[in-house]
Amino acid sequence: QIDIDTELVTPTGAAIIAELAKEFRILPEINVEKIGWGAGLKELKIPNVLKVYYGEIKEQKENIVVMETNIDDCSGEILGYTSEKLFENGALDVFYTPIFMKKNRPAYRLTVTCRKEGMENLQKIIFKETTTIGIRYRFESRMELKREIIEVDTKYGKLKAKKVINGDEVYIYPEYESMKKIAKENNIPLKELYRLYES
């Protein structure tokens, strides 16, 4: 990243980097514990020194990707199918917002949230399944409570639910698909089953 017309990496330095480094990027936010300096013998037009930081990388706040694109020439059936495909491939959330584009054309804004590692695959699905030719994205932070899927005994059978931990408090939320299955099997209105669960 500097304009020096000479080799700056020694065989020893290259070996250390190859053994210890996992990636090359701009220095992240870090809680520094130690800083080391080493001076080289070669005469350069800048100080010939190496600076090494030792510490712990601060927790990354931006752990969610939000992707958006405006679509004005795609049918509702295609948009619905695209939503299903995105959820099946790891999207955390998918939704459409009615908007107006240039010349007052009614359209939809597709918004998809996902983990960073799933971003590329979901972008391919959006380009393949819809008519859009561009996707905006940004990184955002998200606070998540600890959760696990459990089974709850009811008089109609076992019900899958989400157990959520918020400090000293625990919340139990029934899973929709499990509630729907029990409602169909027992010919019970879904709303009645929810009331029974809540009581």
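Predicted model: local features only at pLDDT ≥ 70, side-chain atom pairs only at ≥ 80, totals over all residues.

Me: How many residues does H2 have?

Reply: Helix H2 (residues 76–88) has 13. Helices here are DSSP runs of H or I with at least four residues, strands are E runs of at least two, and both are numbered from the N terminus.

Me: Which residues of H2 are buried?

Reply: Leu-79, Thr-82, Ser-83 and Leu-86. Buried means under 20% relative accessible area, exposed over 50% and partly exposed in between, with a 1.4 Å probe and protein chains only. Down the axis of H2, the buried residues fall within an arc of 105° (directions from the helix axis to the C-beta atoms), so they line one face of the helix.

Me: What do they pack against?

Reply: Strands S3 (64–71), S4 (93–101) and S5 (105–114), plus helix H3 (119–129). Contact means heavy atoms within 4.5 Å.

Me: And which exposed residues sit on the face turned away?

Reply: Glu-77 and Glu-88.

Me: New topic: is Thr-132 buried or exposed?

Reply: Thr-132 is buried, at 10% relative accessible area. You'll find Thr-132 in the loop between H3 and strand S6 (136–140).

Me: What does its side chain make a polar contact with?

Reply: The side chain of Thr-69, at 2.5 Å. A polar contact is a pair of N or O atoms within 3.5 Å; within protein, one must be able to donate a hydrogen and the other to accept it, and residues adjacent in sequence count only if both atoms are side-chain atoms. The Thr-132 side chain also reaches the backbone oxygen of Gly-134 at 3.1 Å.

Terms used:
Residues numbered from 1 in each chain as written. Heavy atoms only, no water. Expected span 1.5 Å × (residues − 1).
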